[in-house]
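Please view the sequence and the model together while reading.

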Amino acid sequence: MANDREILREIWEGKIPVRFTLYPDEVYELQQPDEFYLMVPRLSYFPLVIDKVKKHFIRYVSNDKNDQEMWLEYDGQPVKWHFPIGLLFDLLVGTGPDLGLPWHIVVHFEKFPETQIFRLNSKDLVEAHFMACLKEADVLKHRGQIVSSMQKKDHNQLWSGLQNDKFDQFWAVNRKLMEVSGEVDHFKYIPFRIYDIEGFYKQKLVKPVSDEGQRKTLNDLLMEMYPKRATSVKVLTHGMFPPLNTPLQWMSEHLSYPDNFLHLCLV
Amino acid sequence: MAKLEETNWRKCIIEQIQDRNRNQTRYFHDIITQNNRLFENANALRSENLQLSIQNEKLKADTGSQPISNASGDSKLTERIQFLEQKVLVQQEELTELHRRKGENAQQIIDLNVKLQEREKVLALKETSLEEALSSNSVLKVEIRMHESNMKEMENLTQMLRDEHQALQLAFNLLEDKLRKVQVTLDENRQLVERLISYKAKDAQKMNEDNDNFLNRAPKQHSALTLSTFGLFRYVS
């Protein structure tokens with residue numbers, strides 16, 4: 001049971017300061033636009049939070065281009081905005097004492113990199129992607145029984161809770177997804193993705209308990225995924241390194257992103 | 001032992017997250033909200049500034065068009081200008097009035113044109129009906145003439161018949177008279193014949209008597225037969 005509200009609350013409240021600037025070559029006005037600062041929730045998605053940014057910068061690009069789609073770049077790479085923001089930050093910036101905060105993101109209006117990122121020009125598309133991930137996670141955990149027994153209203157509540165940063169609204173429904181069903185006190189499989197440094201991820205069917213009925217830990221997961229170098233890797237999620245003896249079941253219940261996946265970055 | 005372990009990893013995690021939130025969120029939160037607020041303020045002020053400058057320009061333009069009475073205060077000039085302005089105002093009003101009237105008139109023209117067209121249509125209709133009536137009229141006239149001639153002919157015929165009738169009547173009367181006369185003569189004739197017959201009968205009787213007398217006195221040579229036959233014959237004729 002996901003009952004450790006203190007952890008959930010702290011995770012929910014994680015925000016990253018971001019500094020948005022317009023790509024200098026696309027400035028059409030004489031005056032350079034001011035930078036735009038924003039606190040973005042780690043658990044949210046970029047397309048949900050950048051309305052204001054777009055409104056701010058669109059005045060500075062030429063008129064015939066402002067109906068084009070906006071996209072984001074960090075360090076010369078387009079930002080894959082279908083990932084949650086916290087995951088992107090962990091992937092692209094990492095962790096440490098000096099992160100160079102606020103996070104510097106460059107805004108583009110031209111030359112949309114179609115081959116590298118999805119077009120998420122409406123919130124409906126993001127919602128569809130989010131719901132797809134959620135359903136996949138539930139299939140892994142409960143064979144999809146919970147999510148399919150929910151009503152459309154519950155799905156909407158999940159989504160609007162995430163969109164409007166309402167912790168209680170979101171968790172009122174998400175709690176059901178984190179419950180274990182029947183006699184067993186664990187999920188069927190743990191929904192997780194392990195990302196390497198290039199941003200590619202691996203998934204595998206991993207059970208939260210071993211064949212002998214013992215609870216598996218993060219260490220066991222790494223042993224299964226990378227048997228050769230399990231001792232040399234560390235895992236980063238939510239901007240911190242969970243200890244190797246953290247039980248997988250507990251991690252899945254408490255450290256999952258809103259799409260119910262554990263997004264782990266390999267360091 | 002297990003409990004201790006659990007608290008260990010949990011403590012480790014929560015410390016890290018709290019640390020993270022402190023470092024990444026709380027330090028920046030206030031400053032960025034402040035920045036956002038300043039940003040909005042700046043935007044609002046900028047747009048207000050723009051509006052004000054536009055207003056300013058407008059006011060400037062307004063004042064520029066008005067004569068700036070210099071320090072001398074040329075009251076006569078301003079008075080004249082006011083007078084002219086008023087005149088212009090009146091003229092403008094007149095102009096708008098005229099424009100309006102023009103519009104009304106144009107509307108009226110259009111309306112009247114429509115009416116005229118309607119009338120013309122009606123007229124054409126009437127004309128065609130008139131033509132029809134005229135043609136039927138002439139036809140009827142021709143008929144009348146025909147009937148009249150017929151009648152005259154008839155009259156002539158009747159006259160002729162009447163004349164003939166009269167003539168015949170006359171002839172008839174004449175003939176009737178004649179007939180009557182003839183009947184009278186016929187009667188006379190019959191009486192005469194009767195008288196003649198009676199005379200003849202008397203003659204015959206006398207002759208018979210004479211004969212008888214002769215025979216009785218005359219010679220007795222003649223055969224009795226011949227004498228009787230002869231006597232008979234004379235009697236009969």
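## Overall make-up of chain B

Chain B holds three helices and zero strands, giving the pattern α-α-α along the sequence. Helices (H or I, at least four residues) and strands (E, at least two) are DSSP runs, numbered from the N terminus. The model is predicted: local features need pLDDT of at least 70 and side-chain atom pairs pLDDT 80 or more, while totals for chains, interfaces and linings use all residues. Residues are numbered from 1 along each chain as its sequence is written, chains are lettered from A and ligands numbered from 1 in the order written, and side-chain values use heavy atoms, without hydrogens and water.

## Annotated region

The unreviewed UniProt entry annotates residues 42–101 and 137–171 of chain B as "coiled-coil region"; such annotations may be inferred rather than shown by experiment. The span 137–171 of chain B is 100% helix and 0% strand, with its end C-alpha atoms 51 Å apart.

## Cysteines

Across all chains, the search finds zero disulfides, a disulfide being a pair of cysteine sulfur atoms within 2.5 Å. A:Cys265 has 3% relative accessibility and therefore counts as buried. B:Cys12, at 27% relative accessibility, counts as partly exposed.

Conventions:
Buried means under 20% relative accessible area, exposed over 50%, partly exposed in between (1.4 Å probe, protein chains only).
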